[in-house]
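Colleague: I have a chain open and want to go through it with you. Could you take my questions as they come?

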Amino acid sequence: MKPPSRVCERCSAELSQYNPDALCALCAKARTAPGVPDRAWRDEAVYLALGAWDFGELLRLVRKRSGLSQMAVRELTALPQSFISGLERGQKQIGSPATLLDLLNGLGLPSDLHSLLLTPLRGEASKPGHSRSAEAVLPWTAERMVTSLEVAIGGTTMKRRRVLTALSGAALTQYVLQSAIAPVETAAASSGTTTITDALIDSLQGTTDALRQVDATSGSGSLAHTAKTHLRMLLHLLKHGCYNESYGRRLAAVTADTAAQTGWYTFDSGDHDTAQHLFLGALRAAHASGDSRLRAGALGFLAIHGYSAGDPRDAITAARTARQAITDHDAPALNAMVLTRQARGHARLGEERHALAALAEAEELCARGRGEDDPHWLYWINPGEILGQTGSCYLDLGRPAQAAESFAAARDVLSRDETRTTAQFLTRAATAQMRAGDADAGCATAHDVLTLAEGIQSARLDDHLRTMLTEARSYGASSPARDLLDRGESIMRQRAAA
């Protein structure tokens, strides 16, 4: 088993994989002198660079005004001197919220300047990596949360204009970072016609939970439409309900959970771009609720989008930010879930050492059982899930024999009630067995999958089935493969017609 991620010797915060030191940036800064004086920040050019997210220029200005060398900045931020030099010359870019936080925390960004990071960018649609559709730089208010989700589900009177294009790279990093630094607005509406009560909120949460259970057994199917209807009701109550701040936060929490699940059903149905914007809306709702566990959940879904349909580096960014959000919670299961998604991103990039380290830590956390702060909606994290994700990572890393072993172990411990999850893993298990040269075992597992698939509606499962059958075709006219292909192609035609 690989060792878990390193932590700071002083504060126990998780250390960046790029930080070779024993201390995080904040602790290293506290240990060293000199630092950045406040006067170094008090300049119009510094304000403009900060508001424009021009961090290379910002670093150059602040460093020069402080009289610091690049090596001194390296001591303050724990970032490599070569990266600092390249950032100032425009040859390097900040690729994750973790790196940006290391930079700004290490330099001691004054708290009264945090709001400049939320300054709407001028002409951001014309800049590489930015998209007006994200609205990341717009205020993180309750009103903006409702509007972003209404656009995602097509529920506003405004024209949708198909602005829901996928985000990645700098635009997604900006969105994720701002979810961590934006102030939480008080959510309350006292002029509405419907009084929000405990019983109403519990009932709304119960509907979301019930849909989640259906998805675990039968797949997304028609759940996306049903969940969007439920989400519209929640948005209506947020706009027109009568409630105080406490009830407003609870209502936002149910909305965050529902939006994330609606995004998942939409993703599982094959509409990846709309799903991502639902996840981003869920991130806004989680921010409004003040519950960092919900924020971690939304970021976890964004990670799935990254390694499945987008850029795997975005998956790593989202997962690392999610872990930072819950550092003060006793939530081993939630941390384990996020780590598996970080591992999938590393595996897609071929970063085997990082992928296996994240999986090892996830396995260790899962073995601890549920923590006091683990959320109720994370009921499905168990050893079978960790083993299944390990198998998926091995498959992505080009190690089908190890993948087949992990999937076989997962099959023994997966819950029989979670039919869709079992079918997903078994399709990949069959693919791994066939890639490893065991056609008989692979075809036998594939027949089990086809039996399970007949009761599951999931575009994502269909993709896995097609990959599995493609692998079977590599065996030509051999008897086990021929029988499997005949049955599989018949079932796929039926699924396409359904």
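Colleague: How many helices and strands does the chain have?

Modeller: The chain has 22 helices and two strands. Helices (H or I, at least four residues) and strands (E, at least two) are DSSP runs, numbered from the N terminus. This is a predicted model, where local features need pLDDT of at least 70, side-chain atom pairs count only at pLDDT 80 or more, and totals for chains, interfaces and linings use all residues. Residues are numbered from 1 along each chain as its sequence is written, and side-chain values use heavy atoms, with hydrogens and water left out.

Colleague: What share of the residues is buried?

Modeller: Of the 498 residues in the chain, 54% are buried. Buried means under 20% relative accessible area, exposed over 50%, and partly exposed in between (1.4 Å probe, protein chains only).

Colleague: What part of the contacts comes from residues 24 or more positions apart?

Modeller: They account for 71% of the contacts in the chain with a separation of 6 or more. Contact means heavy atoms within 4.5 Å.

Colleague: Helix pairs next. How do α19 and α20 pack?

Modeller: Helix α19 (residues 419–435) and helix α20 (residues 439–453) pack at an angle of about 160 degrees, and their axes are 8 Å apart. That makes the two roughly antiparallel. Axes are lines fitted to C-alpha atoms, for helices over the stretch in contact, and angles run from 0 to 180 degrees between N-to-C directions. Angles under 35 degrees count as roughly parallel, over 145 as roughly antiparallel, 65 to 115 as roughly perpendicular and the rest as oblique.

Colleague: Which residues meet there?

Modeller: On the α19 side they include T422, L426 and A430, and on the α20 side they include G442, C443 and V449. By class, this contact of α19 with α20 has 10 nonpolar, six polar and no charged residues. Ala, Val, Leu, Ile, Met, Phe, Trp, Tyr, Cys and Pro count as nonpolar, Asp, Glu, Lys and Arg as charged, and the others, Gly among them, as polar.

Colleague: What about α16 and α17, parallel or antiparallel?

Modeller: Roughly antiparallel. The axes of α16 (residues 352–367) and α17 (residues 383–396) come within 10 Å and cross at roughly 175 degrees. The residues of that contact divide into eight nonpolar, two polar and one charged.

Colleague: Switching to single residues. Where is F301, and what does it touch?

Modeller: F301 lies in helix α13 (residues 292–309). Leaving aside neighbours within four places in sequence, F301 is in contact with A260, Q261, W264, F279 and R341. F301 counts as buried because its relative accessible area is 12%.

Colleague: What does A298 touch?

Modeller: A298, also placed in α13, touches F279, A282 and L283, not counting residues up to four places away in sequence. A298 is buried, at 1% relative accessible area.

Colleague: And T255, buried or exposed?

Modeller: Buried, at 0% relative accessibility. T255 lies in helix α11 (residues 245–268), and among the residues it touches are L149, L231 and A285.

Colleague: Last one: where is A78, and what is its phi?

Modeller: A78 lies in the loop between α4 (70–77) and α5 (81–88). Its phi is near 65 degrees, a positive value in a residue other than glycine. A78 counts as buried, at 4% relative accessibility.
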